[in-house]
Amino acid sequence: MSSKQPLVPMSSPDLSDVEREAVLAVLHTPYLSMGERIRQFEEAIRAFTGARYAIGVNSGTAGLHLCIRAAGIQPGDLVVTTPFSFVASTNVILYENAIPIFVDVDPQTGNMDVEQTAQALHDLSKGGKTAQHWLPRHLPVSPQRLKAILAVDVFGQPADMDPLRQLADHYDLHLIEDACEALGAEYKGRKAGMLGDCGVFAFYPNKQITTGEGGMIVTDDEEAAMLMMALRNQGRAPGDTWLQHTYLGYNYRMDEMSAALGAAQMTRIEELLTRREQVARWYMERLAEIPAVELPYVAPQTTRSSWFVFVIRLAPGIQREEIARKLEERGIPVRPYFLPIHLQPYLVERFGYRQGDYPITEDLGARGLALPFSGVMTEEQVEMVCRTLQSVL
């Protein structure tokens, strides 16, 4: 990494006086947790997505973990998911000592390959030798039931959820949608987050909206929602008195300052999404002229992509690390996106994964490069990034 001051930030939150005043107002109240602001934020997300329930939590990871708990996933249960994602989507499975079953991804979108998912579910449901192909080399716990699909909306584009829904129904599985990167995206006209049994958004500072740290679960399932509301608050169920806890729970609550920031951001959600779409268009127009760059692909069923990051792929044979180093030297910060989950050291040690296990994931991980991106970028900044990238290539 270069010590040179970047000419353009890697990412920046899009904040206005509306957000600053909303956060400051909380400090003039006696309620810094579980007050009116979290209820306002949850209502804004419900209205935006059409969800029956929205449950604010302190991170997207916390939200995904509660979905895993609500699905009743136990040690040794099998959860089919993707190795091309941020590690949290796999970590939450491991928290319950369940076994992530990876399937490779679509080479264009980076989302779960539906045909491979169907084959994996067929083979795993049969058991025996046919299932062995999908199981990791090392099994720290004995495989139990095939229990869920956890699909990820990579880079703000929904996974192909209708066939995944059909597969989940056929095999009687829970379908969890990791929409942490996809607030505002639409699949066949339907909002991301609402395409499975439950969905989760995240609000880290580089996301479409931010609460600093925070997440939100959305679902229409009343029983699951009631359980997750209790689990986020140390297991305190409706009717429990102070210091009474029906369940083993967690401190996954979102504080009032974060909720106030999120509620204020939601009043500007269309503005924020539109700004990011404009920056993405500027990139698409300029980078189309560079043969060594593969642009992000938007699938036909994606009726609105919610631009979380802008990730290009360099043509095979180009040394990505060398290109990244030269860009950093010129004040343009970039990041590899994603490093394959199955090759993370703790996954290799625990399950025995090897290079070559998921070739498409590994290829995308080796060639993907995230460029500076945010809704506050100017056209001039995009032009500078693209011009510098072209000269380095």
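Just after α7, D172 takes a positive phi of about 55 degrees. This is a predicted model, in which local features need pLDDT of at least 70 and side-chain atom pairs count only at pLDDT 80 or more, while totals for chains, interfaces and linings use all residues. Residues are numbered from 1 along each chain as its sequence is written, and side-chain values use heavy atoms, with hydrogens and water left out.

Helix α7 spans residues 161-170; helices (H or I, at least four residues) and strands (E, at least two) are DSSP runs, numbered from the N terminus. Its buried residues are M161, D162, L164, L167 and A168, where buried means under 20% relative accessible area with a 1.4 Å probe and protein chains only. Among the elements covering them are α5 (114-126) and the strands β4 (146-152) and β5 (174-178).

The largest nonpolar core has 41 residues. Such a core is a set of buried Ala, Val, Leu, Ile, Met, Phe, Trp, Tyr and Cys residues joined through side-chain atoms within 4.5 Å. L66, L150, F155, I217 and Y337 have the most contacts inside this core, and its largest share, 5 residues, comes from α3. Y337 touches residues including F84, F155, F308 and R320, not counting residues up to four places away in sequence; contact means heavy atoms within 4.5 Å. A second, separate core of 32 residues includes A120, W134, A151 and Y187.

Terms used
Buried means under 20% relative accessible area, exposed over 50%, partly exposed in between (1.4 Å probe, protein chains only).
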